[in-house]
Amino acid sequence: MPLENISCNKTAGGWHKQYTHRSEVLNCDMRFAIFLPPQTAAGQKVPVVYWLSGLTCTDENFMQKAGAQRIAAELGVAIVAPDTSPRGEGVEDDPAGSYDFGLGAGFYVNATEAPWNRHYNMYDYIVNELPALVEAHFPVSEQRAISGHSMGGHGALMIAMRNPERFTSASAFSPIANPMNCPWGQKAFTGYLGSNTENWKQYDSSELMRKAEQKLPMLVDQGTHDNFYTEGQLRTESLAAAAKANNYPVEIRMQDGYDHSYYFMATFIEDHLRFHVEHFNK
């Protein structure tokens with residue numbers, strides 16, 4: 001599958017690049033960003049952390065705001081940041097133009113409801129198509145971890161638990177941890193998956209964690225001053241209860257005073273990257 005390089009910037013001794021390509025599973029053109037650490041200049045294959053962003057974001061938000069490249073360069077890991085939904089002419093958006101459904105709000109599911117099922121298959125894109133593309137075109141190994149923020153934190157935890165053979169670890173900042181039971185998730189799941197809530201459980205991290213048999217190490221950071229947490233959109237407590245019920249190895253850290261912003265992520269992203277490298281090396 002051909003790639004088109006649309007930007008290239010040296011940073012932290014490595015390279016941040018953006019590419020576009022035609023996605024077969026999403027039926028549209030897609031863009032992603034990749035940071036290649038300096039170790040790849042000599043042909044060394046490095047492990048990859050896939051980063052999934054939150055509502056309204058593109059591949060640019062995390063790469064430009066989180067300050068992850070410096071520590072990724074030190075640790076010798078690549079970072080891949082896809083978009084958060086299909087895009088482009090002919091791709092459906094919420095008729096009301098809301099921020100929490102449609103463009104920028106793919107929720108990392110495979111939609112089953114028309115018209116969304118024509119394009120909104122982000123689960124298959126993240127699990128299969130994008131890693132195959134990255135591994136075919138860049139000096140990366142098959143060691144993969146996955147991380148994300150908010151809607152992307154939901155995606156990272158959920159995808160890792162459904163595919164424990166593909167990822168060594170997962171982490172999240174402020175994840176939508178129990179989307180079946182919060183307004184954001186209920187809106188998205190109804191639209192993409194229909195009204196049968198049994199079909200929602202496969203995409204709910206708390207539900208998956210409660211029943212998981214194969215367990216991956218996980219790290220979750222949640223700010224105590226996050227208005228989406230206090231308003232009940234994130235439901236960190238549901239994830240904690242599921243972990244306790246199933247003895248799941250997730251460390252949930254409540255970070256005093258931090259909110260939902262990239263200032264929060266920039267503060268603790270080093271912890272998350274070192275966490276993933278620790279498990280790459282086991």
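**A walk through the model, loop by loop**

Thr 56 lies in the loop between strand E4 (46-52) and helix H1 (60-65). Such labels are DSSP runs numbered from the N terminus, where a helix (H or I) has at least four residues and a strand (E) at least two. This is a predicted model, in which local features need pLDDT of at least 70 and side-chain atom pairs count only at pLDDT 80 or more, while totals for chains, interfaces and linings use all residues. Residues are numbered from 1 along each chain as its sequence is written, and side-chain values use heavy atoms, with hydrogens and water left out.

Stay with Thr 56 for a moment. Its phi is positive, about 75°, although Thr 56 is not a glycine. Most residues other than glycine have a negative phi, and most peptide bonds are trans. Thr 56 has a relative accessible area of 48%, so it is partly exposed. The scale runs as follows: buried is under 20% relative accessible area, exposed is over 50%, and partly exposed is in between, with a 1.4 Å probe and protein chains only.

Asn 247 also has a positive phi, near 50°, and is a residue other than glycine. Look for Asn 247 in the loop between helix H8 (236-246) and strand E9 (250-255). With a relative accessible area of 65%, Asn 247 is exposed. A peptide bond deserves a look too. From Ala 114 to Pro 115 the bond is cis, with omega near 0°. Pro 115 sits in the loop between strand E5 (78-82) and H3.

Which residues have the most contacts inside the largest nonpolar core? They are Phe 32, Phe 107, Ile 146, Ile 159 and Tyr 192, in a core of 67 residues. Helix H3 (residues 122-137) gives the most to this core, with eight residues. Apart from this core lies another, of 25 residues, including Ala 72, Ala 81, Ile 269 and Val 277. A nonpolar core here is a set of buried Ala, Val, Leu, Ile, Met, Phe, Trp, Tyr and Cys residues joined through side-chain atoms within 4.5 Å.

Ile 146 shows what such a position looks like. Leaving out residues up to four places away in sequence, Ile 146 touches Tyr 50, Leu 52, Ile 126, Ala 156, Ile 159, Ala 160, Phe 167, Ser 169, Ala 170, Ser 171 and His 276. Contact means heavy atoms within 4.5 Å.

H3 has a partner. It packs with helix H4 (residues 151-162) at an angle of about 60°, and their axes are 11 Å apart. Axes are lines fitted to C-alpha atoms, for helices over the stretch in contact, and angles run from 0 to 180 degrees between N-to-C directions. H3 and H4 are therefore oblique to each other. Oblique is what remains once angles under 35 degrees (roughly parallel), over 145 (roughly antiparallel) and 65 to 115 (roughly perpendicular) are set aside. Which residues meet between H3 and H4? Tyr 123, Ile 126 and Val 127 in H3 meet Met 158, Ile 159 and Arg 162 in H4.

Next comes Met 218, in strand E8 (residues 218-223). Met 218 is buried, because its relative accessibility is 1%. Its contacts include Leu 157, Ala 160, Met 161, Tyr 248 and Phe 275. Phe 173 is 45 residues from Met 218 in sequence and 11 Å away in space, C-alpha to C-alpha.

Gln 214 is found in the loop between helix H6 (205-211) and E8. At 48% relative accessibility, Gln 214 counts as partly exposed. Beyond its neighbours within four places in sequence, Gln 214 is in contact with Pro 164, Glu 165 and Tyr 248. Arg 162 lies 52 residues from Gln 214 in sequence, yet the C-alpha atoms are 9.4 Å apart.

Met 30 belongs to strand E3 (residues 28-36). Its relative accessible area is 2%, so Met 30 is buried. Among its contacts are Tyr 19, His 21, Asp 83, Pro 86, Met 122 and Tyr 125.

Last, the cysteines. Cys 28 is buried, at 3% relative accessible area. The sulfur of Cys 182 is 17 Å from its closest cysteine sulfur, also in Cys 57, and that is too far for a bond. Cys 182 counts as buried, at 0% relative accessibility.

Note on methods: Disulfide = S-S within 2.5 Å.
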